[in-house]
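Me: I have some questions about how the terms are applied here. Please set each value against its definition.

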Amino acid sequence: YMSVPIPDAANRRIALKVTLFPAAGGLVQLSAWVPRNGSIGHVERALAGSLPSRECVMLSDVYRSRIHRLLPSATPLSDIRPDDQVFAYEVAPPPAPDPGGSLETITRTDSIKSKDVGRLPVYVMHRKVMTPATPEARPAERREIFGLPFILTCTHHMSYQDLAEAISQSATRFDVERTNPNRKPGFTISIVNNSGTSCGACDQRKCPGCSLPKTATKLRLRSGTVPGDKVAQKVYIALDWVSGRFDEGFGENITEDTSVSQVRLLENAARRSVQARTSQDTEDRDSVFVPLTACVDAYTAPEELRKEEGNGIKCEKCKEEASAVKRLSIWREPDVLIVHIKRFHRRDDGYHYEKLDTPIDFARSLDLRPWITGPAFGSTIYDLYAITLHSGGLSGGHYVAACHGVGVPRVPIEDPATSSVWAKYNDAQVVHPWLDCQTEETARQCYVLFFAKRRPSSSNLITYGSSVT
């Protein structure tokens with residue numbers, strides 16, 4: 001049994017899609033080719049030519065039609081799940097410092113740390129009234145969050161009227177009657193809590209949200225946060241739409257930035273590695289595709305244990321701690337070899353983990369002789385006879401098995417990619433024959449590989465019995 005790492009994990013790159021929500025107009029699709037082991041800062045630098053200035057952009061992920069969280073530059077990319085929607089919201093630049101100003105929130109939310117002094121994020125979500133099918137149903141009506149939320153910012157210079165106008169101006173793009181100059185307001189503006197289900201301004205339990213005042217009064221904060229303080233609040237606003245006024249098709253026609261085509265070329269170059277696997281010209285192979293032999297090399301590579309980093313070895317005689325070199329090696333070849341690929345990887349920061357989807361070029365056969373340090377008895381060539389596949393991520397996934405025949409193969413596998421004896425077992429579903437053994441999807445999902453020695457040791461023949469010819 002060997003648990004092998006994937007080498008050069010820090011150098012892997014991925015394509016991350018980011019949707020720009022500009023101050024006016026439609027959405028723009030961006031794409032960044034960034035290190036998988038990187039951070040949001042890498043995304044910001046990769047898209048510097050496509051995004052507004054950094055001080056005028058707030059990156060966040062959206063979940064269930066709500067702003068889930070802001071993504072500061074230091075946020076690890078491993079924190080972003082594959083199904084997360086990442087948006088870049090264009091906001092107003094921060095105001096000039098004003099020691100005499102005061103900024104007060106109109107909500108009761110818990111505070112967050114922020115270096116953006118004097119500017120408050122305003123999270124705007126959409127609501128619609130859902131009426132029950134029967135009059136007897138309780139409650140009589142409820143409000144449902146839907147659509148694409150957006151972010152604005154407010155400052156202590158603004159009045160309630162200024163904030164209401166800024167929200168209305170940005171929300172106009174969602175109105176089906178936005179081109180009608182004589183249109184009536186298609187929504188009302190309410191102050192809500194972070195979930196958007198109740199009021200964020202008063203203490204009445206059944207209040208769905210107090211209306212945002214439209215007066216010249218300066219914005220008021222309950223918690224008394226002032227410029228210079230590193231603690232800021234978030235303001236949550238809900239737009240209660242009139243039936244039929246919200247444009248359900250908003251966002252379908254997204255303009256593609258030039259970064260999308262550029263990243264697509266890089267992705268295609270990576271995918272060409274799969275086609276190159278059957279090519280005689282090994283120089284055509286893409287560096288993104290990692291051969292299994294490289295994983296075994298990383299498994300047996302020396303590892304320096306430095307006492308300066310707290311990894312030293314304590315001598316049993318002198319009791320002094322000293323640096324050392326650790327190395328794993330294979331003494332004798334087994335008859336059955338199980339190779340576990342370390343796809344769940346701890347990042348360099350030592351705290352965060354990530355699921356690696358690096359495609360592994362697992363060979364149809366594996367010669368273990370280069371890594372055997374003891375005496376080798378007979379053949380050291382192994383044939384692949386089973387694979388465990390894992391799809392999903394850190395929060396959940398699914399395991400599938402693929403097998404070549406039953407037990408130890410009786411004959412060497414000539415071509416697992418086309419052999420009719422491969423079968424895939426997915427819970428109660430069995431796919432036979434299974435012809436996807438050598439596809440890119442399989443290479444990205446392979447988790448445990450099972451090999452059998454082509455010529456088992458004579459001492460074990462009695463164990464295998466009639467299974468061996």
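Me: What makes S2 and S6 a pair, and in which sense do they run?
Reply: Two strands (DSSP runs of E, at least two residues, numbered from the N terminus) pair if DSSP finds at least two bridges between them. S2 and S6 have three bridges, so they count as paired, in the parallel sense. Leu20 stands opposite Ala88 in S6. Ala88 is also the bridge partner of Leu59, in the antiparallel pairing of S4 (residues 57-63) with S6 (residues 85-90), joined by six bridges.

Me: How do you know how far this can be trusted?
Reply: This is a predicted model, in which local features need pLDDT of at least 70, side-chain atom pairs count only at pLDDT 80 or more, and totals for chains, interfaces and linings use all residues. Residues are numbered from 1 along each chain as its sequence is written, and side-chain values use heavy atoms, without hydrogens and water. The chain averages a pLDDT (the predictor's confidence in each residue, from 0 to 100) of 78, and 76% of the residues score at least 70.

Me: Which strands pair in the antiparallel sense over eight bridges?
Reply: Strand S2 (residues 13-21) and strand S3 (residues 28-35) do. Val18 stands opposite Leu30 in S3. Their hairpin has six residues between the strands, and Gly25 there takes a positive phi near 95 degrees.

Me: Why are S5 and S14 said to stand at the edges?
Reply: The open sheet has the order S5-S4-S6-S2-S3-S14, with mixed pairing. S5 (66-70) and S14 (255-256) each have a single partner strand, so one side of each is left without a neighbour in the sheet.

Conventions. Helices (H or I, at least four residues) and strands (E, at least two) are DSSP runs, numbered from the N terminus.
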